[in-house]
Amino acid sequence: MTQRPGFPVKLSQTTASNPARKTGVGDTGRIAPSRPPSLNPSQTAAKAASAVLPRLDSTVTGLGLDSVAVRARMVRKLAEQGVQDPRVLEAMGQVERHRFVESALVNQAYEDTSLPIGLGQTISKPNVVARMVELLCQGKPGKLGRVLEIGTGCGYQAAVLSHVAGEVYSIERLRGLHEKARTHLRPFRLHNVHLIFGDGMLGYPKGAPYAGIISAAGGEAVPDAWLEQLAVGGRLIAPTITPSGHQALVVILKTSEGFERQVLEAVHFVPLKSGVA
Ligand code: SAH
């Protein structure tokens, strides 16, 4: 049996949500922006993780220390698994993953496992979220500009993205999950996260062009709308069925000459579906 982290923690709200606030697109609130740590490139991934971690204790308040410690352990593990980008490690250390899962699953929130989030959908493993966000940030110093996420789900990855991008547009086709994500995100007060209910296969032209597009659902092919809405120099990360019939992570870079496509490791994401429900 795998060892469970020291949970449950006290699930008090870190910041009181204001019930009087109007709910609408972008009504997700903000938490204090974080500065990327300045790291020497020769530092190892583990050192990069520890450079980020001590800051957590001082920046995360209102939660039992267990949550901070367990999240710090998750970040160290991510670094050992090869996640190197300090922006990504810091974001993964900041976002309280246990607030995005059902209370019965809180004990597993920081394990490297995908978890059910309702309506037959799942939140990806922390390792997969970190890997995809790192791929999105690759080659871009500082913060990304506007980013589009297809498949808001429970809202966890949108919260992670809010730390590495200026604006996050996240679209979900299942109304139940769209509403759930709004509820999950509200206490964090992330004003740069905009939740949209709609069919993400059409992208979201109002926020285009995007510095990055990231899909949390896997399709047969990358929809043309995404390629059109990507900025020149922008990167798209999407699980896609490859000619061999398996789902793999596909990275597409848009250049002034066209598109450069890379097929990476095999993955298992829920299917990309059209229409709303
Ligand atoms: N990033 C999410 C993962 C959610 S799983 C998280 O952190 O929880 C993938 C999500 O993609 C599911 O909620 C599914 O409903 C959604 N999805 C699938 N096809 C979609 C489409 N065409 N447009 C928007 N969302 C879609």
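Strand β5 (residues 193–197) is largely enclosed by the rest of the structure, because four of its five residues are buried, where buried means under 20% relative accessible area with a 1.4 Å probe and protein chains only. This is a predicted model, in which local features need pLDDT of at least 70 and side-chain atom pairs count only at pLDDT 80 or more, while totals for chains, interfaces and linings use all residues. Residues are numbered from 1 along each chain as its sequence is written, and side-chain values use heavy atoms, with hydrogens and water left out.

Strand β4 pairs with β5 in the parallel sense over five bridges, pairing being assigned if DSSP finds at least two bridges between two strands. The chain runs from β4 through helix α7 to β5 in a right-handed β-α-β crossover. Within the pair, Ser170 stands opposite Leu195 in β5.

The elements discussed here are DSSP runs, numbered from the N terminus, with helices (H or I) of at least four residues and strands (E) of at least two.

| Element | Residues |
|---|---|
| Strand β4 | residues 165–172 |
| Helix α7 | residues 175–185 |
| Helix α4 | residues 86–94 |
| Helix α5 | residues 126–137 |

The axes of α4 and α5 come within 9 Å and cross at roughly 140°. The contact (heavy atoms within 4.5 Å) involves Arg87, Val88 and Met92 of α4, and residues of α5 including Pro126, Val129 and Cys137.

For the protein chain, which has eight helices and nine strands, buried residues make up 53% of the 277 residues.

Methods. Buried means under 20% relative accessible area, exposed over 50%, partly exposed in between (1.4 Å probe, protein chains only). A crossover is right-handed if, with the strands pointing away from the viewer, the path from the first strand over the helix to the second runs clockwise. Axes are lines fitted to C-alpha atoms, for helices over the stretch in contact, and angles run from 0 to 180 degrees between N-to-C directions.
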